[in-house]
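Hi,

Here is the structure I promised to pass on to you. Have a look at it first, and then read on for what turned up.

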Amino acid sequence: MPVMSYIQAVTAALSEEMQRDEKVFILGEDVGKKGGVFGATKGLHDAFGEYRVLDTPLAESAIAGVGIGAAMYGMRPVAEMQFADFIMPAVNQIISEAAKMRYRSNNDWNVPITIRAPYGGGVHGALYHSQSVEAVFANQPGLKIVMPSTPYDVKGLLKASIRDNDPVLFFEHKRAYRLLKSDVPEEDYVLPIGKADVKREGNDVTVITYGLGVHFALQAAEKLEEAGVDTHILDLRTVYPLDQEAIIKAAQKTGKVLLITEDNKEGSIIGEVAAIIAENCLFDLDSPIQRLAGPDIPAMPFSPTMEKYFMINPDKVENAIRELAEF
Amino acid sequence: MAKNRHESLGLTDEQAVDMYKHMLLARKIDERMWLLNRAGKIPFVISGQGQEASQIGASFALDRNNDYAAPYYRDMGVVLAFGMTAKELMLSAFAKAEDPNSGGRQMPSHFGQKKNRILSQSSPVTTQVPHAVGVALAAKMEKKDFASFVTLGEGSTNQGDFHEGLNFAGVHKLPVITMVENNKYAISVPLDKQIASTNVSDRAHSYGMPGVTVDGNDPLAVYEAVKKARERAVNGEGPTLIEAVSYRFTAHSSDDDDRQYRESAEVEEAKKKDAIISFAAYLKETDTMTEKQEQEIRSEIDSIVNDATDYAENAAYPEPESALKYVYEE
Amino acid sequence: MATERINMPQLGESVTEGTISTWLVSAGDKINKYDPIAEVMTDKVNAEVPSSFTGVIKEVVAQEGDTIQVGDLMCYIDTEDALSSDETNTAEQSEPDQEAKPEQTSNDNSMKKRYSPAVLKLAQENDIDLAYVDGTGRGGRITRKDIEKLIASGDKPAPATSKNEQKTTEAADLKSPQSEHQAVPQQSAKLGDIEIPVTGVRKAIAQNMVKSTQEIPHAWMAVEADVTDLVNYRNQVKDEFKQHEGYSLTFFAFFVKAVAQALKEFPQLNSTWAGDKIIQHKDINLSIAVAKDQELFVPVIKNADEKSIKGIARDINDLAARARSGKLTQDDMQGGTFTVNNTGSFGSVQSMGVINHPQAAILQVESIVKRPVIINDMFAARDMVNLCLSLDHRVLDGLIAGQFLARVKEIVEHTNANTTSIY
């Protein structure tokens, strides 16, 4: 089985889906000749031609809106937002149009679009190249938001997103692009959207997180194992709509729950996860539900000291798990 | 006798009369909806009175069996021409389960019907422009020879999506026909407070496409302009921007009182150019339609509108719990 | 003079490593700050990496072709200015956070009585007195794990511990047993007597019996049933049954089945006294007594009314086997709504059972004995059995209990190959 980086898994999924289905095409800024600013679409322009890997004008609302129109016609567009931070001009198209199309037309029309965007910090990206924007979209029924944590999940979930008949926002952690490498099967496989995944079994503390948080939690869990703390890690994988069943099960398992996001704390995805646990697991809880998240400041500053202060990391995760274990 | 213009445009007498019929049907349904609203039977009306000539003239220039339409909320004429029925429009006005546009989910005039290739619309304006461009992009990729037709009001041309959409279409020479129905008002704000250029069509230049302004009260003039644009589109020559100038006869919607911002004299003056009257006169003057034919058409339309109203009024509402359906594929 | 490190810089937002394609310097070279030292190739860019210092290259560590992580060492340089700092990597070197220090453990017991919902629930379900539990959490807090461990160990420090406790236990029950303890008069052993410490299951049985007899006003009644047909039927099929199923078809299974059926018709007996109300249970879960050495277990046949005689026979067999091998779980013993006691197995012909608190009645199935019985004015040798019922007189009266008992009698007397299927 070949070892792939997170971003190579993105490219592999795109390439395989374009080969499988001629309706699949990519559009976005710099995705063509350059192959994307991160290289996610590298080689695809040469392999599939200009109109299947289309360099668009620099206009995010058009990228989303034109993609939506093509999807309504029956194409399978994969739109790339160069950075999740730049998705904002396209929010009207995504929320007012893509999310509501099936519902507002009473199932007459649908929008099978996948919108990919690199998100996340810890890369000296400052305010507008570091944000986590999932919470903006996470109360919009009609949308699905997928945020994979491993190269294996990237390939299976991106393929599932492209094949999904509803709009999917696919957020890729840009720090994970070249940091995370793992075995990824060459053959075709898809993973279910809407299902969380247990990344580590444990009995002392439950960590529920997604994206790079999973990686940090796994690192922390390994260190804590030596100290006799057994961590259970649930990777949400799809952050909207949430896999309530898996969340409840994971919370009940240990009764001590740590929720992690890299996003600002207030109004983040994990607040909703906390609410699900509070609604369903009162008599299983052995400690207050804890949240580890970025501070409530507009975004991540550029200066390395401030950036580090903002970001979660394995040490912060380790401390938070330990706190719960000792509670 | 007036000069016969439709023949030289390639329209038969039957087609010309059919255009009139569609214009009149749109007008009559619209008028009925206002009555129903004022009688407290339907909550909301937003109308296209005064714009029927533009809508029907344009639609008849298209291939209504293959082209795609992304209409805006005043386009009752467009959707009728593309195959939606009076009954279906009334079902939408009454928010009944059978409404094909949205099953009673959206306000009236938020058109959409896949079988007739009418793209579903929302309330935030101009979002349909990039959609139409997307459909045109698909046509180009799939090497199909249909065109994508999108309409909007002149106020909406100030939105980013107008600029982003037209620029995209221009860069990639996509088969899109954009028709701005300039009815002089964006709710209460008149044209000169909306755009600084004389014509909306002036904007076309910067998108690398031709821009033309036509008399929106003249269905044949609009027909001619759209027909030309469609030829360009399917020949791979790219998009066209058409501005059809008319006037909005009614208030913005049933919730608006236009006396707050415009003189009734201005409205009366505009109504003298009502295309329903002038086009009927043209057809009779050119011996295309007889007096008797006109009477027959009028009574036929009356019964269509009556039947549609009765049917829709008596049709079932959606089941309350059906509100939960179709968020995602089921 | 100081030796500084030149580390792999981050050359792009998502870049985490770089490959050295060419070294532009070698050890001993004197270079100025910002002079290029190496060509580095990453996924995103190819770039010349400049020196961060002025000085003499001391040692080239990474080799051409090596791929090294951002922040890892490329080479050492001897600098003239010891104060100059490494500008490329300040953010990437992570020192452990201050907060990483584990908390000091102490004898602080401030959290001892702060119970989490999970701990309270488990304590109530298992009748554990939290006052006697040591907590391992912060501030002496009792954790869910502490309770789970305790339950698993079976050594529960609870005044009211009992193995066959019901879920429906009232909160009031938690405190009442304390006074019972104090009520026991002090006894001392005389010379030659053996003192046996009362612990574990014995203690639990004692406590439960005391609780039952003190709290429940018992009343008794008994009927005699002619089970000749049942005996013949069972004897006919038992060998074949054993061969097929691998376990025995006991008489007791027939009685349990009959009781379950009668309870369905008389749900009043399938009840619990709950102070201001009587709870009539929907499920018919029959407790059966299983003895093992000095211990008495009361495991439960769940939903007995939904099971065939075969199903009940299997449950009895399983539960008894697990009781004897000490493998019964808490779950096996929870949820009983009525008890059927096989007193006949040790030859008893009449007994007065103590109700299994907080159920409303217990039925003792006595020994089946062949006795002469007058049928149609003639003596006949018949298989007779006594069925003795103890009832909670708060919940039940003689009439309903009598009807119930008559019904059980009717069922067992009409059990034969024609009326009753084993399967």
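Let me start with helix α1 of chain A, which is mostly covered: 11 of its 15 residues are buried. The buried ones include the run from Y6(A), I7(A), Q8(A) and A9(A) through V10(A), T11(A), A12(A), A13(A) and L14(A). E17(A) and M18(A) are buried in this helix too. Please keep in mind that this is a predicted model.

The length of α1(A), residues 6-20, can be checked as well. An expected span is 1.5 Å times one less than the number of residues. For the 15 residues of α1(A) that gives 21 Å, and the end C-alpha atoms are 21 Å apart, so the two agree.

Next comes helix α4 of chain A, residues 91-98. Which of its residues are buried? They are Q93(A), I94(A), E97(A) and A98(A). Seen down the helix axis, these buried residues fall within an arc of 110°, so they line one face of α4(A). Their cover includes α3 (60-73), α5 (101-104), β5 (114-119) and α6 (134-137) of chain A, and α5 (128-142) of chain B also takes part.

That brings us to the contacts between chains. Between chains A and B, 36 residues of chain A are in contact with 32 residues of chain B. On the chain A side, α3, α4 and α5 each supply at least two residues, and α3(A) gives the largest share, 10 residues. By class, this side has 16 nonpolar, 14 polar and 6 charged residues.

Chain A also meets chain C: 29 residues of chain A are in contact with 27 residues of chain C. Here the elements of chain A that give two or more residues are α8 (176-179), α12 (304-310) and α13 (314-326). The largest share, 6 residues, comes from α13(A). This side of chain A has 9 nonpolar, 8 polar and 12 charged residues.

Finally, the nonpolar cores. The largest has 217 residues, and the members that touch the most others are I145(A), A217(A), L258(A), I321(A), V133(B) and V226(B). Helix α1 of chain B, residues 13-38, provides the largest share of this core, 11 residues. Leaving aside residues up to four places away in sequence, V133(B) touches V66(A) and G69(A) in chain A, as well as G165(B), F168(B), A169(B), L174(B) and V176(B). Another core, of 61 residues, lies apart from the largest one; among its members are A253(C), L286(C), V298(C) and F338(C).

Enjoy looking around!

Best wishes

Terms used
Residues are numbered from 1 along each chain as its sequence is written. Chains are lettered from A and ligands numbered from 1 in the order in which they are written. This is a predicted model: local features need pLDDT of at least 70, side-chain atom pairs count only at pLDDT 80 or more; totals for chains, interfaces and linings use all residues. Two residues are in contact if their C-beta atoms, placed from the backbone, lie within 7 Å. Helices (H or I, at least four residues) and strands (E, at least two) are DSSP runs, numbered from the N terminus. Ala, Val, Leu, Ile, Met, Phe, Trp, Tyr, Cys and Pro count as nonpolar, Asp, Glu, Lys and Arg as charged, and the others, Gly among them, as polar. A residue is buried if 20 or more other C-beta atoms lie within 10 Å of its own, exposed if 12 or fewer, and partly exposed in between; C-beta atoms are placed from the backbone. The arc is that of the directions from the helix axis to the C-beta atoms. A nonpolar core is a set of buried Ala, Val, Leu, Ile, Met, Phe, Trp, Tyr and Cys residues joined through C-beta atoms within 7 Å.
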